[in-house]
Amino acid sequence: MEQMRAAGFPEGFLWGSASAAYQIEGGWKEGGKGMTNWDAFVRIPGKTYKATTGDVAVDHYHRYKEDIALMAEMGLNTYRFSVSWARIFPEGTGEVNEEGIAFYQDIIDECLKYNIEPMVTIYHWDLPQALVDEYQGWESPRIIDDYVHYAKTLFSRFDGKVKYWITLNEQNIFTSLGWLTAQHPPGKFDDQKMFYQVNHHAFMAHAKAVLAYRQMGGKGQIGASFAYTPSYALDCKPINAMAKANYDDLKNYWWMDVYAYGRYPVAAMTYLKKKGIAPDMADGDKEILRQAASQITFMGVNYYQSCVCEYNPMDGATPYGTMNTTGVKGSAQELGMPGIYKNPANPYLMTTDWDWSIDPSGLQFCCREITSRYALPIVISENGLGAFDKKTEDDQIHDEYRICYLKEHIKALGEAVEEGCQVLAYCTWSFTDLLSWLNGYQKRYGFVYVDREEEEGGTLNRFKKDSFYWYKKVIETNGKEI
Ligand code: BG6
């Protein structure tokens with residue numbers, strides 16, 4: 001394979017991989033864990049691809065030692081994983097479930113044994129169902145105190161061992177899919193007012209947890225992970241350039257400005273107020289957001305693709321077009337906000353089988369934008385290729401397309417580093433194959449193949465893909481040999 005020289009990554013750069021509890025653990029009724037919103041949602045007919053669930057997932061709950069040993073064999077410097085809130089507080093709040101604490105304590109110790117830095121995501125979408133039953137979860141401001149109590153429990157129990165904390169994973173995605181497109185729990189459709197309200201609650205939960213961490217003496221790194229889809233204007237027509245500006249305010253800066261500056265973008269807020277869908281805020285919220293913004297130490301970025309922005313007439317594309325969850329190329333519809341922007345396909349980019357554009361430069365663009373706009377260090381908390389992988393009869397998985405995808409993205413990241421962006425870590429999505437929320441098990445992302453399909457019953461055995469050996473070399477050479 002051709003060897004390329006990437007730009008120099010700094011000493012101590014963290015090469016990692018990421019996962020989320022619901023997508024890998026399984027053991028959905030074990031260890032005293034309570035029910036979650038996802039445990040309930042996947043049981044609603046038609047919600048997930050071929051009705052797949054995370055009941056067993058890839059059985060990381062029982063195989064975490066084997067998985068972490070594989071990470072060590074690969075030389076991973078960091079492992080990003082999430083804690084399932086319902087394992088710690090089965091009812092969302094109240095009594096701590098010691099078995100849940102012990103499970104994550106073991107994972108952390110196992111990582112540390114191999115010098116793998118644990119990077120903990122506090123919330124990656126699985127919410128205790130008890131909080132939904134009690135007060136509709138994120139819809140109520142009551143969630144803020146419960147989230148902070150949960151976060152503080154993790155801070156104190158894993159004190160000294162965990163130095164990287166991610167408060168929320170992709171707040172923009174779980175709220176959009178939960179309250180606009182009905183594809184995630186709680187399955188609400190087009191509830192725009194509640195969408196912004198839920199987001200405000202999530203911002204406050206994040207902010208208060210960040211402040212609590214510092215008040216408790218936490219000296220580690222803390223921030224949120226944002227699903228950043230950078231944009232290009234279709235052309236130099238002013239109306240399309242303005243569509244891009246509007247898209248950026250409404251789809252990117254709405255979240256990143258709050259994390260980094262503690263304030264909402266002015267034009268977007270003005271627009272929401274005119275439409276009567278701006279969030280209600282309590283006295284003092286603005287000050288708390290501002291204080292927390294001064295305490296985060298990085299912007300977490302989950303990067304998969306870029307998009308194109310073009311003016312969208314009032315009768316144009318909506319946010320509710322069909323999403324490709326089957327892997328049948330070309331089945332996704334164009335999305336947009338009527339009267340504001342739409343996202344046509346980029347004719348200069350190739351796409352995955354799930355119609356996601358493949359754009360390594362977009363990753364460099366994200367880093368440049370965050371560096372100039374926020375002057376913050378960056379953690380790439382996710383980046384990867386979902387693909388159909390085939391295991392040969394002699395148990396090989398030749399995923400050269402994944403190697404090619406990651407190689408080009410690491411090159412682009414190296415260029416961002418050369419240009420002065422302070423990047424702390426690069427985590428691929430994912431280490432083992434896992435459940436893709438809406439796309440089942442056939443959309444594989446891992447370096448390690450897991451023997452299972454949509455239906456239960458595979459051996460769940462692990463097999464190293466070609467990309468496993470390739471990434472091992474990348475880590476060994478600190479990104480010099482890619
Ligand atoms: C991110 C999430 O949105 O992208 C992950 O943080 C998710 O949980 C990943 O799995 C890939 O998305 P998908 O839909 O292909 O699984």
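Which backbone oxygen does the side chain of Ser-357 reach at 3.1 Å? The first view below gives the reply. The model is predicted, with local features needing pLDDT of at least 70, side-chain atom pairs counting only at pLDDT 80 or more, and totals for chains, interfaces and linings using all residues. Residues are numbered from 1 along each chain as its sequence is written, and side-chain values use heavy atoms, leaving out hydrogens and water.

**View A. Ser-357 and its surroundings.** Ser-357 is found in strand β12, residues 357-358, and its side chain reaches the backbone oxygen of Ser-306 at 3.1 Å. Ser-357 counts as buried because its relative accessibility is 10% (buried means under 20% relative accessible area, with a 1.4 Å probe and protein chains only). Not counting residues up to four places away in sequence, Ser-357 touches Tyr-304, Gln-305, Ser-306, Leu-349, Met-350 and Thr-351 (contact means heavy atoms within 4.5 Å).

**View B. Helix α14 against helix α15.** Helix α14 (residues 400-418) and helix α15 (residues 466-476) pack with their axes 9 Å apart, at an angle of about 25°, which makes α14 roughly parallel to α15 (angles under 35 degrees count as such). Arg-402, Ile-403, Leu-406, Lys-407 and Ile-410 in α14 meet Asp-466, Ser-467, Trp-470, Tyr-471 and Val-474 in α15. The residues of this contact divide into six nonpolar, one polar and three charged.

Terms used. Helix = DSSP H or I, 4+ residues; strand = E, 2+ residues; numbered from the N terminus. Buried < 20%, exposed > 50% of the residue type's maximum accessible area, 1.4 Å probe, protein only. Polar contact = N/O pair within 3.5 Å; in protein donor to acceptor, adjacent residues only side chain to side chain. Axes fitted to C-alpha atoms, helices over the stretch in contact; angles between N-to-C directions. Parallel < 35°, antiparallel > 145°, perpendicular 65-115°, else oblique. Nonpolar A, V, L, I, M, F, W, Y, C, P; charged D, E, K, R; others polar.
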